[in-house]
Amino acid sequence: MALQGLEIIAVAVVIVLFIGVLKQFGILEPMSMEDNSEIDLELSNARHQPEGLEELQAQTKFTKKELQSLYRGFKSECPSGMVDEETFKAIYSQFFPQGDATTYAHFLFNAFDADKRGAIRFEDFVIGLSLLLRGTVNEKLNWAFNLYDINSDGYITKEEMLAIIKSIYDMMGRYTYPIMHEDVPFEHVERFFQKMDRNQDGVVTIDEFLETCQKDENIMKSMQLFENVI
């Protein structure tokens, strides 16, 4: 797998993996009317279950039927209604048996665990998935920026970008091409900063990130690839 432009593919990797997870666990399969009724009742009545279906419809761009299907699959893998980091890592690792996906999965987990509770609730899952699949370009780019901004201080540093790049190479394992040499991640980071760091102050702000991405035709196309997969 060629990793040219590696510094801009993290969001695409997120989306591809989510689609794989959804399909692997049957989350995208149609349900019977009986299944739908049971899920409606559970979403409406259970004390520690996700917010009501109407609230989730208002917060996402999914239909009622799509939310029901997503909830069924989520519950089948996470009966408690929440997924912890170890489970999250285990799911993602299945898709990259030739590499080590744990570090990248850790960064993804933190991006979805917005309130830092140490677990991803169904609400977190579908709100994030809705944004990645059906959000505006700006919403997707903001999400990507937050993924790269590991310590959430409003800036992407070279150290943070290097950690992300290395984690993607680790995840791809022997399928990376060309075979990674020790200096390749550093080269990607330097190219990223040459493109994004407009004032050359050593960090990338959200404004610099958005402005550069919006002017890049390839990035704009990548933001629209998976809008209709569900």
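The dialogue below takes helix packing and then aromatic rings.

Author: This is a predicted model, in which local features need pLDDT of at least 70 and side-chain atom pairs count only at pLDDT 80 or more, while totals for chains, interfaces and linings use all residues. Residues are numbered from 1 along each chain as its sequence is written, and side-chain values use heavy atoms, without hydrogens and water.

Reader: At what angle do helix H9 and helix H10 pack?

Author: Two packed helices are described by the angle between their axes and the distance between the axes. Here H9 (residues 158-172) and H10 (residues 184-196), helices being DSSP runs of H or I with at least four residues, pack at about 130 degrees with their axes 9 Å apart. The axes are lines fitted to C-alpha atoms over the stretch in contact, and angles run from 0 to 180 degrees between N-to-C directions. H9 and H10 are therefore oblique to each other (under 35 degrees is roughly parallel, over 145 roughly antiparallel, 65 to 115 roughly perpendicular, and the rest oblique).

Reader: How is an aromatic pair read, and which geometry do Tyr 71 and Phe 122 form?

Author: A pair of aromatic rings is described by the distance of the centres and the angle of the planes. Tyr 71 and Phe 122 are edge-to-face, at 5.0 Å centre to centre and 75 degrees between the planes (centres within 6.5 Å make a pair; planes under 30 degrees apart are stacked, over 60 edge-to-face, the rest tilted). Tyr 71 lies in helix H4 and Phe 122 in helix H7, 51 residues apart, and both are buried (under 20% relative accessible area; exposed is over 50%, partly exposed in between, with a 1.4 Å probe and protein chains only).

Note on methods
Helices (H or I, at least four residues) and strands (E, at least two) are DSSP runs, numbered from the N terminus. Rings of Phe, Tyr and Trp (its six-membered ring) pair if their centres lie within 6.5 Å; planes under 30 degrees apart count as stacked, over 60 as edge-to-face and the rest as tilted.
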